[in-house]
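Student: I have a structure to study and some questions about it. Can we go through them together?

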Amino acid sequence: MKLLRHLAVFAFAAGAAISHAATIGYIYVGPEKDYGYNTSMDVGRKFVEKSIPGTKTLHVENIPETAEVEKVMERMIKQGGASIIFATSYGYLDYAIALGKKYPKVAFLHAGGLKIGDNVGTYWANSDDAMYLAGMAAGAVSKSGKLGFIAAFPIPQVVRSINAFTLGAQAMNPNATTTVVWTGGWLQPPKEAEATNSLADAGIDVIGEQVDSPMTIAQTAEKRGIYMVGKDVDVSKLAPKAVLTGASWNWGPTMLKLTKEIQAGKWKPSHVRGDLKDGTVVLDPFGPAVPEGVRKTVLAKKDDILKDKFVVWSGPMTGQDGKAILPAGTRMPMEQLESMNFFVKGVVGTVQ
Amino acid sequence: MADTLLQGLPVSALRSAAPLLLVLLGECLTQRVGRINLGVEGQMLVGAVAGYGVTALSGQPWLGMAAGAAAGALLSAVYALLTVAARADQFASGLAVLMLGYGVSAYAGSGLVGLRIEGFALGAGGTTPTLWLAVALVPLIGLWLYGTRTGLVWRSVGESPAAARAAGITPWKVIVAGITAGGVLSGLGGAALSIDHTRTWAEGMTAGRGLIAVGLVIVARWNPWLTLPAALLFGLAEALSLRLQAAGSAVPAHLLHTLPYLASLAVFAVTCARLKGGGGPEALRAVFAR
């Protein structure tokens, strides 16, 4: 079935590729309509296609982080005529690096990796600021001071979200803790539902999440009468009572900028990073459960972040085990940030 | 930690088990008449998408459940056509139905993502109607299969279609009925998953639960009564793998996620060692003899 869909995409593309306009390939790890991570990437794709007349995009969804990625990218290049590839999932990086060597004229852009090649660059946006702010709302609204976090895999980007969320919550309630539940998959609605239920049963009243789609967790939280903080896509209309706020993506401008640079021959592979400041990350509107005073405090902190008066990843910072991670007055270097494999104090769970 | 772990654990296990239990009951009946339908995963998916769609449109979760059952039955008719009318290989046919169900549900569901449904209200202790439906069907089907004449007819077809024919039974009709029952129940299982358990439609959301049900039938010894403990075993292990984390356990999550499979495998190994291949319908074994 998946094969058929690929063939259809490529058959269409092969006929249309012989033109001067660039063809851009997008590969997603999950369904493009997951109402979450992959949707956010797909919104970016559509933005690029709309913004540069004559540009064609190919997209293939549900490609696992296995050697299949390499095959799909190769087909996009050879049959689809793609000259730019957006490899949007974390585990795609090594395949992109390998293919980059094989196809030096194709530009590869990986979402969030820490390696680059002669023609392989990365793009990402740091959600940490928005997650910190959302964590503030969570910490303020929580009555028990016990927060939860449902996450797919312990990769640095997720670990950072959990830590930022916790630090934000502790800014409002120093005793707040975050209990982490791993689901072991990017899209596992039944496990996500049950994880939400488990956390609710354990007396946790606000849940943060980083899985591919926030839908299940938002709606289960709503059903259980607890709160949640979204990620990747604003889900407030699905769970109007439960959603406090969230950290959403807006990939379009970054993808457009990179594409234009590549097409103009001005691109040099690097680690491009966006954030709250440049609008790649958005703090979602507040839900009705967030009191006016809390909104003001959170927005004031947002202002501090935008003006560089406050940096989430600055010392003093203490690890889960009580040992110091960062001395006071220092900022965490990017490499440490993007390879984060520890929890801060107050997080309950294991990074494994 | 023990308190938070146990708080709500039985309901939690039942919630995880209920959709699987419905599918397991269906596959149990299908295998009882001598067919192993690998397509239940696909039937579950069309059940999930149809149930979700109809619930979203009508606002009636029970109507959604009925639609899910109908969709499952419809797809199982494809399997019946292939294996009974066309006499195609039943494993290949099952895989074809699985992929068809995956594709059809993905296509039909693409417009449903992000719709909001109300679903069922929460009952006592966090239970929902689909839990009770699944549990209630166990004795109903168990009593029917072992206590009624038609139940006996189904079992006799599963043991020996030739002997059943000699006794004046038309085996293919019974086989089609068994496949359809499997379709109805797997469709219901899928609908319970989307309408009740997750209130979400996501492509491929069953994540192998249908195929797990095919395997769990063996653990349940093809006995409807034993589907309940078999599904609960899986549900309990899955609930525990998440609950241990929610209770702050330090056991690595990777290890915990293997728990449902390890538990099923362990029971499978133990029961097989005790019962030396017995318990399954005889006609089913002919499948392996080919």
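This is a predicted model: local features need pLDDT of at least 70, side-chain atom pairs count only at pLDDT 80 or more; totals for chains, interfaces and linings use all residues.

Student: Which residues touch the most other members of the largest nonpolar core?
Tutor: This core has 163 residues. In general, nonpolar side chains tend to be buried together in soluble globular proteins. The members that touch the most others are A:M41, A:Y123, A:I162, A:W313 and B:W201.

Student: Which helix gives the most to this core?
Tutor: The helix belongs to chain B and runs over residues 9–32. It gives 11 residues to the core. The helix is α2 of chain B.

Student: How many residues are in the other core, the one with A:V72?
Tutor: This core lies apart from the largest one. Its members include A:V72, A:M73, A:A96 and A:V120. The number of residues is 22.

Student: Is A:S142 buried or exposed?
Tutor: A:S142 sits in the loop between α5 (128–141) and β6 (146–151) of chain A. Its relative accessible area is 9%. Buried means under 20%, so with 9% A:S142 is buried.

Student: Which residue has a side chain in polar contact with that of A:S142?
Tutor: Leave aside neighbours within four places in sequence. Then A:S142 is in contact with A:L147, A:D205 and A:V206. The side-chain polar contact has a length of 2.7 Å. The partner is A:D205.

Student: How far apart are the end C-alpha atoms of helix α5 of chain B?
Tutor: The helix covers residues 90–109, which is 20 residues. At 1.5 Å a residue, it should span 28 Å. The model agrees with this, because the end C-alpha atoms are apart by 27 Å.

Student: At the start of α5(B), which backbone nitrogen does a side-chain oxygen of B:D89 reach?
Tutor: Buried residues of this helix include B:Q90, B:S93 and B:G94. The oxygen of B:D89 comes to within 3.0 Å of the nitrogen. That nitrogen belongs to B:F91.

Student: How much area do chain B and chain A bury between them?
Tutor: In general, the size of an interface is often given as the accessible area lost when the parts come together. Here 43 residues of chain B are in contact with 41 residues of chain A. Carbon and sulfur atoms hold 58% of the buried area. The total is about 3,400 Å².

Student: How many salt bridges does the rule find across the interface of chain B and chain A?
Tutor: The two chains also have 13 residue pairs in polar contact. One of the salt bridges joins B:R243 to A:D201, with the closest N and O atoms 2.5 Å apart. The number of salt bridges across the interface is 4.

Student: Is B:E118 buried or exposed?
Tutor: B:E118 forms a salt bridge with B:R116, the closest N and O atoms being 3.8 Å apart. B:R116 counts as partly exposed, at 35%. The relative accessible area of B:E118 is 52%. Exposed means over 50%, so B:E118 is exposed.

Student: Which residues do salt bridges with shared partners join into one network?
Tutor: The network holds residues of chain A and of chain B. They are A:E194, A:D201, A:R224, B:R15 and B:R243.

Student: Which elements do the buried residues of α9(A) pack against?
Tutor: This helix covers residues 252–263 of chain A. Its buried residues include A:G252, A:T254 and A:M255. They pack against β1 (23–27), α2, β3 (84–87), β4 (107–111), β5 (120–125) and β11 (271–274) of chain A.

Student: Which residue with a positive phi follows α9(A)?
Tutor: The phi is near 75°. The residue is A:G265.

Note on methods
Residues are numbered from 1 along each chain as its sequence is written. Chains are lettered from A and ligands numbered from 1 in the order in which they are written. Side-chain values use heavy atoms; hydrogens and water are left out. A nonpolar core is a set of buried Ala, Val, Leu, Ile, Met, Phe, Trp, Tyr and Cys residues joined through side-chain atoms within 4.5 Å. Buried means under 20% relative accessible area, exposed over 50%, partly exposed in between (1.4 Å probe, protein chains only). Helices (H or I, at least four residues) and strands (E, at least two) are DSSP runs, numbered from the N terminus. A polar contact is a pair of N or O atoms within 3.5 Å; within protein, one must be able to donate a hydrogen and the other to accept it, and residues adjacent in sequence count only if both atoms are side-chain atoms. Contact means heavy atoms within 4.5 Å. The expected span of a helix is 1.5 Å times one less than its number of residues. Buried area is the accessible area (1.4 Å probe) that two parts lose on being put together, summed over both. A salt bridge is a side-chain nitrogen of Lys or Arg within 4 Å of a carboxyl oxygen of Asp or Glu.
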